[in-house]
Structures are given as C-alpha cells and as structure tokens.
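Have the sequence and the coordinates open as you read.

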Amino acid sequence: MGGGGGGHGESTTYKGFTIHHPKRWHVVTGKSLCAIMWFWVLYRAKQDGPVVLGWRHPWEGHGDHSHEHGHENEVL
Amino acid sequence: MPRGTPFNNSSLLIGTKLNLLPLPTASKFQVPYMLLVSMTGDSFDCLQFLSGLLNTLDLMYLLIVFLPLLGSSLAGFFGRFLGSEGTAIITTTLVSLSSIFSLIAFYEVAPGARFKSVEPVNHASRLYAWGRGLVVLPFLLIQPFLRFVMLIVVTSISSLVHLYSITYMHEDPHSPRFMCYLSIPTFFMPMLVTGDNSLQLFLGWEGVGLASYLLINFWFTRLQADKAATKAMPVNRVGDFGLALGISGRFTLFQTVDFSTIFACASAPRNSWISCNIRLNAYTLICILLFIGAVGKSAQIGSHTRSPDAMEARCSPLFEYPPTALIVITSAGAMTSFLAATTGILQNDLKRVIAYSTCSQLGYMIFACGISNYSVSIFHLMNHAFFKALLFLSAGSVIHAMSDEQDMRKMGGLASSFPFTYAMMLIGSLSLIGFPFPTGFYSKDVILELAYTKYTFSGNFAFWLGSVSVLFTSYYSFRLLFLTFLVPTNSFGRDRFKCHDAPIPMAIPSILLAIGSLFVGYLAKV
C-alpha cells in the first residue's frame, strides 16, 4: 500500500517485538463511525424497540403525548 | 444558422438569437449550453428544450451500460500506453459516471414509476451520425423500478471497488489488466438486468461468468488460483447449460424470447407436455432448469453473486405458475443458507469465511424468491451488497497489511494497530448478523417473518433453517472479529513490523460502504 495518508504513527518496541501505533485520524475516524453506529442503534431502539419486541403494534403510535393536555380524548 | 447536431429535432436550435453565440457541434455540450442560454434570459421554446433533454437522457440510459465497457476496452487494449495510473483514472471515472447516471435515471423513473423504453432505431441513427460503422446491438432497454435499484447497487459498489483498487493494486505491475477485468462485470451485470429478452440475459449471464474466471485467475502464476479458476468455470458452465435449456424450453413453448410476451402468455391455461420419454409439466421443467442456472452461478466464490437473484426476480411471473418449482427453490435456498453457514464456522481463512457467508446470504435471497417475495429478495440483495463489500474490502486491507497472511489464527490483537479497519469490520459484521438496527436487520428480519407466516411446510422448513443459519452467522462473524482483532496476538513479529492501517484512498470507499451498511436498510425498507 502506498502513502496517501496511510502509514503509522509512533512505534513501541518491547523485547524485539515492535508494534506501530495507528495514526490519529485512523483512531478518530474509527471511533466516530462506531459512535455513529451505536447512536443509531440506540435511537432506533428507542423509536422502534417496543414494536420489534412485540410490546406494541406498529399502528398504535408512541403513546408519549403527555405534554398535549388538550388532546387526551381526541379520536384519531 | 447554427451547425447541426445529431438530434433529429431541429427545433432544438432555439431560434436566431443564438446566432450570436457559437454553437458547439458535439451534442454532449447541448444540455449545458441550453442551460446557459436559459440563464441569460433569452426566450426559447421550453418544450423543445425538454425534448432535447429527454433525448439526451435516452442516451444516458445506454451510457449507464456501455461506459464500463469503454473503460474496460481502453484499459485492456491501451493499458501499456496509459500506464497504471492512467487506466485506473479512466476506468474509475467511467464507472463512477455510470453510477451517477444510474442515480439520475432512478430519480427520473422512481417517483412516478414511469416506464421508459429506449428505442434502438433512434439511437442507431444518432450513433451512426456520430461514428459511421459503429455496431449497434438490436436490444431494447426496459427500466422498471427494481431494475434501477440493481443498476445503482452494481455501479455504485463497483465504483467504490475501483477507487479502493487504485491504492490496493498500486504496486502490482499488472494493475491495468486488473482494472480492465474489474470493469467487465460492471458492464455485463447491467446488461443482464436491463434486457427485455432471454438472449440478452444469457449474454450478461455468460459475461459475468467470464469476468469471474478472469478475476479468479488474475494472478495466473499461482497454482491455487489456476486450480480455483479451472474448477469455477466448468461448475459455472453446468448452471449455464441448465439456463440455456430453460431458455430453449421457453422458446419452444412460447415461440419467443421476449419477456413481456412470455409473461403475457404464461397466464393462458395450457397443458403443455415436453416428452423425453417422461411426462413432465412444461412450466415446472422450465422453471427448474432456470433455477439450475441460478444454482450453478451461486457456486462461484466471490462477491458478484447478484446474477442469480436478478434472474430469479426477472422471471418471477413465470415462476408463479408451477408450485412444485417454488417448493424446490425454497428448499434449495434454505439448505444452501444452512450448509454454507455450517461450512463457514469451520474456516480459518479470513476471506473464505466471508465467501461462505456470501453463499449463505444468497440462500436467503433464493428462498425469499421461493416464497414469492421477490422485492424482499432484491431488498436483501441491495443491503447485502453494502455490508459484504465492506467486509471484503476490510479483509483485503488486513491481509495486505499482514504481508498476505490470510489465516486468522496467525493474527490477533490488531484492533490496536488497525482501529479504523476494526470499526469497519464491526459495522459490517453487526449488519451481516442482522443485529438491530443496521441495514441487514431490516431485510433478514422480513425474510424470516415472511417464511414463518407462509404457513406451508416449505415456508416453515426455510424459517427454521434460516433461523439456525443466523445463529451460525453470528458465531463465525464474531469468531472472525475475535481471532483477527481482539485476542492476544499470534502473528509473526515481521508481519506486525510492516503492518499499517488503510490509507485515505482505501478508507473513503470503506466509509461510504459503512454509512450504507448502517442507514440504507432503514431508508429503503418496504
């Protein structure tokens, strides 16, 4: 593989065994994408979790309209 | 009077006010030129402008299919003069243009589901005007909605693979030949999915098999590569023979190879028997022969497994008539997913695990077709393309960094050295196993649900085998992650000394595929 931002950062050698530390952008990008993945998983779990687990039908809505005080008896 | 263009509609010349501006002769400048005129506020006929735009868009549909062929031809015939970088830039640019045109065409077709046909006569006249003696194939491109989904998947994934390969094959002296081989399936797969007749489907089918052979045998000095290619070709030919017999049977029955005519006639009640000393229902025999073609193609090891599913979905109206054929397809797909998964848990080669995983997922697509849910099968194919391409590119990055070491048992502890590649593999693996809620979850869950709610013996058979396959898929996916990245290192010191994570040209396609592996399933879910 050529350059173009690749390669490695610092190295650590211990008893003849060398391990190269990754570049900062590799670490930041990898952690960012994993963070995006977990945020997405948890967000969708919050939105669709009850439906996936069978606790609620998809057409029943979220049911968390406690802030809309004037619409409790409204027929949708 | 402005100089003429290949377009037949002379009213595109937009009146005398344009005499002040030089009109380019090459038609490829026609559209941006018109846009420039419109911005200057000159009056012109909007309908004529739209007509010209549509004529250009007609050509765009042809370019989607033929640009990769052009790139492959240039790389193959002139690679020695263009060099590694030149062939890489040309092939990647042309395939990327094909991908962009696919997106534009999808935008045009998808909102109104407009049926779009490209008449060969108009294009023959245009192409002949551009270059005398050009051979124009007498085919008709039909672009319904699902076809464009396939085109987008094929061209976009191929363009990312081209981009990745620029750096991956940078040090290989045969890089121009590789880029040529890489563009060949990018031509034949769109050719396969856009055709309206069996002959064009067969042409694309054979071309994909040829491309598979060429790519397997790229490093022809390696004995294992020669043996694998030599094995793959006759196995593929067995399936192609079945497909050819099925096409011949259809022609015998319907006296045509045109899909629309066949599907229109398929509903007509008939008791056709093809006798070879055996009484057989014609529809059942034809569908099973076509399915043998799909089975033969799926025996290929590699990432290009779209062809079987494209063929299944393309012939779906015919498959609905013989219930026996559907049961055979469901059972075969379920057994494929199970057997491939059981084989995958015993592999130690990094790429073989992913290859058998591909075969297992293909089984899902096949049995989804067998339970008559063709759109769900295409949906899983689209999702699978993203996370499987991500896994293969990441595996290639690891193997190349570890001095071509492919045995997972000789890796270990790479998460600290390859954090980016580890993140990519983790995203791809979670999507593959159907973990909620990345891409793979939406299609795998739907397939298993549909199999269960079929309430037939074959449906339940597919459901239980598919569910056990999910278990095995999870096992070998996490085994791959643990052995490669998480366990204490078992690799040679010299391999760790030379290893490094992916450079930016290899990282960009991986990031795009990772985004697709996370969000495409939710965005496109049915």
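Which residues of the largest nonpolar core touch the most other members? Among its 115 residues, they are Leu350(B), Val398(B), Met424(B), Ile427(B), Phe485(B) and Leu513(B). A nonpolar core here is a set of buried Ala, Val, Leu, Ile, Met, Phe, Trp, Tyr and Cys residues joined through side-chain atoms within 4.5 Å, and buried means under 20% relative accessible area with a 1.4 Å probe, counting protein chains only. The biggest contribution to this core, 16 residues, is made by helix 14 (residues 374-401) of chain B. A second, separate core has 13 residues, including Val376(B) and Leu448(B).

Before going further, a word on ground rules. This is a predicted model, in which local features need pLDDT of at least 70 and side-chain atom pairs count only at pLDDT 80 or more, while totals for chains, interfaces and linings use all residues. Residues are numbered from 1 along each chain as its sequence is written, chains are lettered from A and ligands numbered from 1 in the order in which they are written, and side-chain values use heavy atoms, with hydrogens and water left out.

Now take a closer look at Leu513(B). Leaving aside residues up to four places away in sequence, Leu513(B) touches Ile157(B), Leu160(B), Phe386(B), Ala389(B), Leu390(B) and Leu393(B), where a contact means heavy atoms within 4.5 Å.

Stepping back, chain B holds 19 helices and 2 strands, which are DSSP runs (H or I, at least four residues, for helices; E, at least two, for strands). Of its 526 residues, 56% are buried.

How far can you trust the picture? Chain B averages a pLDDT of 78, on the predictor's per-residue confidence scale from 0 to 100. Helix 15 (residues 419-432) of chain B has the highest mean, 95, and helix 3 (residues 120-130) of chain B the lowest, 40. Over residues 113-143 of chain B, pLDDT stays under 50. Where pLDDT is low, the predicted coordinates should not be read in detail.

Finally, turn to chain A. Strand 1 (residues 11-14) and strand 2 of chain A run antiparallel, joined by 4 bridges, and form a hairpin with 2 residues between them.

Definitions and conventions
Pairing = 2+ DSSP bridges. Buried < 20%, exposed > 50% of the residue type's maximum accessible area, 1.4 Å probe, protein only.
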